[in-house]
Each structure stands twice: as structure tokens, then as C-alpha cells.
Amino acid sequence: MSSIVRVEALSKHYGSNGVRLEVLKGIDLNIEEGEFVAVMGPSGSGKSTLLHLIGGLDRPSGGRVWIKDRALNDLDDKGLSQLRRQQIGFVFQFFNLLAVLSARENVAMPLILDGVKRAAALQRAEGALEAVGLADRKDHRPAELSGGQQQRVAIARALVIKPALIMGDEPTGALDTRTGDEVVNLLRQSISQERRTLVVVTHDARVAAHADRIIYLKDGEIVDDNRLNSGERPLAAPVSGEAS
Amino acid sequence: MSVKYAILALLYQRQMHGYELGKQLALALKTDWDVKPGQIASTLARLEQAELVEPHSAAGDAAPDRKIYHLTEKGVEELRLWYLTAEVREYRSGDAFYLKLVFSLTGGPVTPEQVLRTQRRRLYQELHDIMALRRQVDADSELPLLLLLETVILHLEADLRWIEMCEGRLDDLKRYRPPKPQRQPRGRPKRDSE
């Protein structure tokens with residue numbers, strides 16, 4: 001297996017003049033291709049910051065990040081946003097869809113930004129919407145869709161660029177349990193078919209339990225790195241009854 | 001749940017012989033709650049002795065597993081009572097994990113952090129396995145099983161949240177000192193007045 005994400009001595013701090021807030025304190029981490037990793041930890045532990053640094057949405061104070069052997073530190077802002085557009089699909093808690101655009105136009109947006117012709121982009125967007133089960137909602141605007149549907153549009157938008165890496169920041173945080181399950185299942189399927197990598201920040205045990213690996217942060221440090229076994233066997237049994 | 005009441009519940013719905021009961025039990029529950037044919041036969045015998053069920057064998061066909069059983073009036077009453085008796089869930093104040101946590105707080109060969117982490121890993125593995133199973137369950141044709149899995153999931157979630165809560169308050173917990181046992185006065189208690 002090869003690493004898709006490599007993080008070395010990554011740190012982030014805010015503030016100056018003695019008031020220094022250390023959000024991440026030297027994180028080392030390797031994420032393998034095809035892995036589903038959940039990042040957990042109490043609020044303020046630095047998990048969203050870690051996600052933003054890996055995804056190139058923010059710059060570290062120290063340390064380095066590689067995505068597929070490209071060092072993010074060496075990229076200028078333009079290079080960084082190009083890498084994001086081509087390699088990383090983002091899914092956020094509150095969907096972050098553009099309210100004035102239809103589902104199809106929202107999904108097409110990253111392609112158009114990347115220079116794909118509008119007609120071709122819209123066509124690929126339709127395919128992506130179909131893949132998340134929303135073919136019949138392509139002309140709806142976000143306000144005309146339920147929360148779960150909006151998140152599926154956001155997933156289609158993340159997938160349309162065929163990213164190597166999908167990053168979710170509390171992607172089920174605004175959804176009820178059942179809809180959240182659907183969204184996580186959709187994300188899972190989208191990586192297992194294409195051997196993509198999925199990194200999700202969550203505080204929800206139910207979401208994390210789908211992952212192959214759970215990383216816990218506390219006070220800006222990794223305190224546990226828990227790899228879960230997925231045997232072929234679909235588990236012995238949930239319940240063992242006592243006899244008679 | 002016991003085999004006894006499962007049998008009563010099924011026989012209330014229709015009369016059956018032992019072999020059929022076994023199949024129906026497996027179908028109704030679809031878990032690995034493995035009930036052996038011998039266990040069904042012995043339970044039926046006990047139920048018969050207690051006059052809760054009654055066999056009527058088809059003419060000439062006296063093999064014990066071919067006896068067809070139905071509930072007696074007493075059996076129906078027993079079943080009704082079972083349905084209307086609330087189940088008491090056992091809480092875990094005496095369980096081994098709680099003891100590990102509490103003793104590790106005041107000094108042990110491992111830290112409370114290690115105790116919590118070990119338990120959390122185990123719980124997540126269980127939840128991971130259940131989630132994998134749940135993904136294979138058909139929500140329409142296997143709804144009872146789905147709901148059974150949900151209760152397991154929710155309990156695991158509750159345990160995990162509790163561990164989170166303990167971790168969040170670990171600094172306070174570490175300051176905890178158990179109260180000193182009160183010295184009991186020896187001998188016969190004195191009477192205040194006579």
C-alpha cells in the first residue's frame with residue numbers, strides 16, 4: 001500500500017505576543033490509499049484544523065504535508081487551489097451549496113472552475129447526481145431539497161472531479177441519524193468502488209464505526225490510532241440468548 | 001428471553017410440533033440464538049408437566065417430535081403475564097470495567113487513560129462489526145433484525161459516550177479519593193434509653 005497523505009511534525013498556532021494558542025503540536029501521520037479514516041476528539045482538540053491543513057485549505061505554522069508525494073508547502077496559493085480542485089473533494093457539515101444555483105450547476109461548478117466547458121461540465125454533473133440517486137432533482141435549488149438531499153448534492157460535487165481523496169468535516173452533523181447513515185454509506189461506497197481515500201472528522205461514534213481506522217486527537221496531539229478489523233465474516237452475533 | 005416463553009408465544013399463534021417450533025424460532029429471531037432440538041423437546045416436556053401446553057398426537061403417529069402442541073388456558077394466562085411484565089435492564093455499576101476504572105484512579109500498574117482507551121477500542125470494534133452487519137440487513141424483509149441491531153448500536157453508543165465523559169473529567173476523577181471507611185464501634189450497641 002502506498003500513502004496518499006503524509007504528515008510530518010505538523011503544527012499550527014494562533015496569536016502572538018505571549019498569547020499563543022497551540023492548536024496542533026507536531027502531528028505525524030500516514031494515511032494509506034483506500035483507507036477510511038475517522039478523526040475524533042473533543043471540541044478544541046484540533047481535528048478540524050488538521051483536516052484543513054491536509055486539505056490545503058489552510059497553511060501550517062510548522063511541519064509538512066504531502067498529498068500523493070506533492071509537498072503542499074512548496075505550492076503557492078494558485079498551485080494549492082489547483083491541487084484541491086483536481087485531487088480533493090470536500091464535504092462540509094452545512095453542505096456549502098450555492099443557493100442561487102440548481103443542483104446540477106452546483107455539482108458542475110468545480111469542473112467549470114477547472115476549465116471544463118459548461119455543457120460538458122453539466123453533463124458530467126448529471127452523471128454524478130445520478131450516482132448519488134438524485135437524477136430527478138437536478139434542476140432543484142438547495143432550498144427545495146431536504147438536508148440529506150443537499151448533502152448528497154455536495155457529495156456529487158465532491159465526486160465529480162474524481163478526487164483521490166475525499167475529506168468530510170462533520171458531514172452528518174446537521175442530519176438525523178437515519179439520513180446520516182445514508183450519507184456515510186454513500187461516502188463509503190464512493191471510495192470502495194474507486195479505491196479512493198476518505199478522511200472524516202466526526203464526533204459521532206456511529207459514523208466513526210464505519211471507518212477502517214479511528215484517530216483521536218486531544219489538545220493538539222494524537223492520543224490513539226485505532227485500526228479496526230474488518231473480517232470477511234459478518235460477525236458472529238449481536239445477541240446470545242441464555243438457554244431456557 | 002427464554003426458550004420457554006418463545007415457545008408459548010409461538011404456540012399462542014398456532015399449534016405446532018417440536019421440529020416446526022425450532023424452525024419458527026430461528027426464523028423469528030434470525031440471530032445465532034441457537035436453540036437445540038433437544039432443548040425444545042425438554043422444554044416442551046416441562047411445559048406439558050406444568051399443564052401450560054397440551055399435546056394431541058395424530059392418530060397412530062406417536063413419535064414425540066410429531067406431537068402437535070397447543071396452549072392450555074393456563075398457558076395463555078402465563079403468556080399474558082409474561083408480556084405484561086416489564087423487563088428490568090441490568091445496569092453496570094458492578095461490572096468489571098467500572099471496577100478497573102475506579103481502582104486505576106487511585107493507583108495501579110496501568111493508568112486510567114489506558115483503561116479507558118482499551119475499553120473504547122473494544123467498543124468501537126464491536127460497533128464496527130455491528131455496522132457491517134447492519135449494512136447487509138434488508139430494511140424491509142428483515143426489519144425486526146434491523147431493530148435488534150439498532151438497540152445494540154444505541155447501547156454501544158451510550159457506553160462510548162460515557163467513556164468520553166469520563167475522559168473529559170479525568171483530571172477531576174484523578175483527584176478523587178475514596179472516603180475512609182468509618183470505624184464501627186465494637187461490641188454490643190449501647191442503648192440510648194431503657
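Me: Which residues line the largest cavity?
Reply: This is a predicted model. In chain A, the largest cavity is lined by A:Leu53, A:Gly56, A:Asp58, A:Arg59, A:Pro60, A:Val65, A:Leu72, A:Asn73 and A:Leu80.

Me: What volume does the largest cavity have?
Reply: About 50 Å³. The count of cavities of 30 Å³ or more comes to one.

Me: How does its lining split by class?
Reply: Five residues are nonpolar, two are polar and two are charged.

Me: Pockets next. What is the volume of the second largest pocket?
Reply: That pocket has a volume of about 490 Å³.

Me: Which residues lie nearest its centre?
Reply: A:Pro42, A:Lys218, A:Val223, B:Arg120 and B:Glu167 do, out of 20 lining residues.

Me: And which helices and strands supply at least two residues each to that lining?
Reply: From chain A, strand S9 (213–218) and strand S10 (221–227). From chain B, helix H6 (112–136), helix H7 (143–168) and helix H8 (170–175).

Me: Which of them gives the most?
Reply: H7(B), with five residues of the lining.

Me: What classes are in that pocket lining?
Reply: Nine nonpolar, three polar and eight charged residues.

Me: Which residues of H3(B) are buried?
Reply: B:Gln39, B:Ile40, B:Thr43, B:Leu44 and B:Leu47. Seen down the axis of H3(B), these buried residues fall within an arc of 135°, so they line one face of the helix.

Me: Why would residues three or four places apart point the same way?
Reply: Because an α-helix has 3.6 residues a turn.

Me: What follows H3(B)?
Reply: B:Glu51 follows the helix, and its phi is positive, near 60°.

Me: Back to chain A. Where is A:Lys25?
Reply: A:Lys25 is in strand S2, residues 21–32.

Me: Is A:Lys25 buried, exposed or partly exposed?
Reply: Partly exposed, because its relative accessibility is 34%, and that class runs between the 20% and 50% limits.

Me: What does A:Lys25 touch, leaving out residues up to four places away in sequence?
Reply: A:Leu10, A:Asp219, A:Gly220 and A:Glu221.

Me: And how far is A:Ser11 from A:Lys25 in space?
Reply: 4.9 Å, C-alpha to C-alpha, with the two residues 14 apart in sequence.

Key: Residues numbered from 1 in each chain as written. Chains lettered and ligands numbered in written order. Predicted model: local features only at pLDDT ≥ 70, side-chain atom pairs only at ≥ 80, totals over all residues. Heavy atoms only, no water. 1 Å grid on protein atoms, 1.4 Å probe; cavity = no way out; pocket = protein on both sides within 12 Å on 5 of 7 lines; lining within 4 Å. Points joined across faces, edges and corners; volume = space filled by probe spheres on them. Nonpolar A, V, L, I, M, F, W, Y, C, P; charged D, E, K, R; others polar. Buried < 20%, exposed > 50% of the residue type's maximum accessible area, 1.4 Å probe, protein only. Helix = DSSP H or I, 4+ residues; strand = E, 2+ residues; numbered from the N terminus. Arc of directions from axis to C-beta. Contact = heavy atoms within 4.5 Å.
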